[in-house]
Amino acid sequence: MLERWEAGTSEPPHSHPGDDMTVVVEGKMTVQFFRREGDKLVPDGEPLVLNQGEAGYIAANRIHDAKYIEDCKLVYVH
């Protein structure tokens, strides 16, 4: 699936029922992983920075957000 996101937009923390791979065709984005501690979400490591030509993998049910630093064109493989 091809998606476009404008610089400065973001997605709040969420998860997917299946594995997910994102390929950055154009632009730059970050992905922050989270873990649950009680009823709170806390960051799990440093944000993953994905630049043009790079790919990121997210395992099923892993909580994450997404921030689009530059205008992005992305290919998602579910």
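**Strand architecture of the predicted model**

Strand β4 (residues 28-31) is joined to β7 by four bridges, and the two run antiparallel. Within this pairing, T30 has V49 of β7 as its bridge partner. The model is predicted: local features require pLDDT of at least 70 and side-chain atom pairs pLDDT 80 or more, whereas totals for chains, interfaces and linings use all residues. Residues are numbered from 1 along each chain as its sequence is written, and side-chain values rest on heavy atoms, with hydrogens and water left out.

**Secondary structure**

- The protein contains ten strands and zero helices; both kinds of element are DSSP runs numbered from the N terminus, helices being H or I of at least four residues and strands E of at least two.
- Read from the N terminus, the order of elements is β-β-β-β-β-β-β-β-β-β.

**Sheet containing β4 and β7**

- Four strands make up an open sheet, ordered β2-β9-β4-β7, with antiparallel pairing; two strands count as paired if DSSP finds at least two bridges between them.
- Strands β2 (10-14) and β7 (48-51) lie at the edges with a single partner strand each, so one side of each has no neighbour in the sheet.
- Neighbouring strands in this sheet are turned against each other by 15 degrees on average, direction ignored; the axes are lines fitted to C-alpha atoms, and angles run from 0 to 180 degrees between N-to-C directions.

**Sheet containing β1 and β10**

- Another open sheet of four strands has the order β1-β10-β3-β8, and its pairing is antiparallel.
- Its edge strands are β1 (2-5) and β8 (55-58), each of which pairs on one side only.
- From one strand to the next, the twist averages 25 degrees.
- Strand β10 (residues 72-77) pairs with β1 in the antiparallel sense over four bridges.
- In β10, C72 stands opposite W5.

**Overall dimensions and packing**

- The radius of gyration is 12 Å, which agrees with the value near 12 Å for a compact globule of 78 residues; it is taken over C-alpha atoms, and the globule rule is 2.2 Å times the number of residues to the power 0.38.
- The C-alpha trace spans about 35 × 25 × 15 Å along its principal axes.
- Of the 78 residues, 29% count as buried, meaning under 20% relative accessible area (1.4 Å probe, protein chains only).
- Among contacts (heavy atoms within 4.5 Å) between residues at least 6 apart in sequence, 77% join residues at least 24 apart.

Note on methods
Buried means under 20% relative accessible area, exposed over 50%, partly exposed in between (1.4 Å probe, protein chains only).
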